[in-house]
Amino acid sequence: RVLDAREREREREGGRRESWMGMDGDGRHDPFGDEVKGVLVMSETGVKMYSKYYSADLVGMSSQRLSDLEKAIYEKTKNNTAAKIDNDMMVIKGHLVLFTFENDVFFYLLAWESQNPVMACSVLTGIREAACNVLSDQVDFRTVMENLEYLILIIDECIDDGRIFEYDANTVVQRVILDERTADGQGGTGSGVQSGSGSGDITLTDALAAGLRSIKNSYFNSR
């Protein structure tokens with residue numbers, strides 16, 4: 001299956017590290033670890049397009065506190081013009097926030113305040129460049145929302161449960177295309193998600209697409 005093959009590849013390229021999420025044996029954060037706390041994508045008007053969090057403090061945060069953090073990140077960065085050219089960073093509510101803007105889409109990575117930002121900057125650049133490549137340089141709010149499954153695949157290829165796995169945009173794009181072709185080729189059998197009706201399997205791509213269509217229709221109809 002696609003996910004099984006991806007996991008085997010990750011095992012071959014280095015295996016599982018003894019440290020988890022950058023923590024050493026005493027449970028303290030390793031400032032040189034190649035991990036991030038979360039990913040956030042927003043529009044220039046402050047609409048959350050996608051988020052995924054990995055660290056225990058963010059995963060365990062209440063919905064209200066997490067929403068307040070996301071709003072604070074947006075408010076403190078929305079007028080930053082440097083992020084339209086290159087990555088920028090600042091500390092917001094105790095989190096190191098790295099960010100870059102592409103048209104009206106804002107990409108954020110959250111890391112530890114004490115963390116060396118070099119690897120995080122690299123993966124943020126990789127996500128932005130891969131999105132531009134896959135979407136033919138049409139990275140804007142509507143196009144991204146209409147193709148959100150590709151952004152999700154790009155992020156998952158770059159970050160594995162918080163660990164930075166890949167940051168080269170060309171490599172990420174190749175893997176996303178391979179995953180898409182493999183999923184399309186599997187049809188209704190194999191590693192698809194089981195449908196509740198018992199009428200057969202659907203692929204992960206089909207399930208994502210159906211859910212995304214519902215989200216997009218609800219959003220655009222409300223505007």
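**Contacts, core and strands**

Visitor: What makes V36, G38 and V39 contacts of L109?
Guide: In this predicted model, L109 touches V36, G38, V39, L96, V97, L98, A120, V123, L124 and I159, leaving aside residues up to four places away in sequence. They are called contacts because their heavy atoms lie within 4.5 Å of those of L109.

Visitor: Why is the set that includes L98, F107 and L109 called a nonpolar core?
Guide: The name applies because its members are buried nonpolar residues joined through side-chain atoms within 4.5 Å. This largest core has 38 residues, and those with the most contacts inside it are L98, F107, L109, V139, V144 and I159. Among the elements that give two or more residues to it are β4 (95-102), β5 (105-112) and α4 (118-134), and α4 gives the most, with eight residues. Another core, of 18 residues, lies apart from it and includes L40, M42, A83 and F99.

Visitor: How do you know that both faces of β4 are covered?
Guide: H95, V97, F99 and F101 on one side, and L96, L98, T100 and E102 on the other, are all buried, and buried stands for under 20% relative accessible area, so both faces count as covered.

Visitor: Why do you say that β4 and β5 pair?
Guide: Pairing requires at least two bridges, and β4 and β5 have eight, in the antiparallel sense, so they qualify. Within this pairing, E102 stands opposite V105 in β5. The two strands form a hairpin with two residues between them, where N103 in the turn has a positive phi of about 55 degrees.

How values were computed: Residues numbered from 1 in each chain as written. Predicted model: local features only at pLDDT ≥ 70, side-chain atom pairs only at ≥ 80, totals over all residues. Heavy atoms only, no water. Buried < 20%, exposed > 50% of the residue type's maximum accessible area, 1.4 Å probe, protein only. Helix = DSSP H or I, 4+ residues; strand = E, 2+ residues; numbered from the N terminus.
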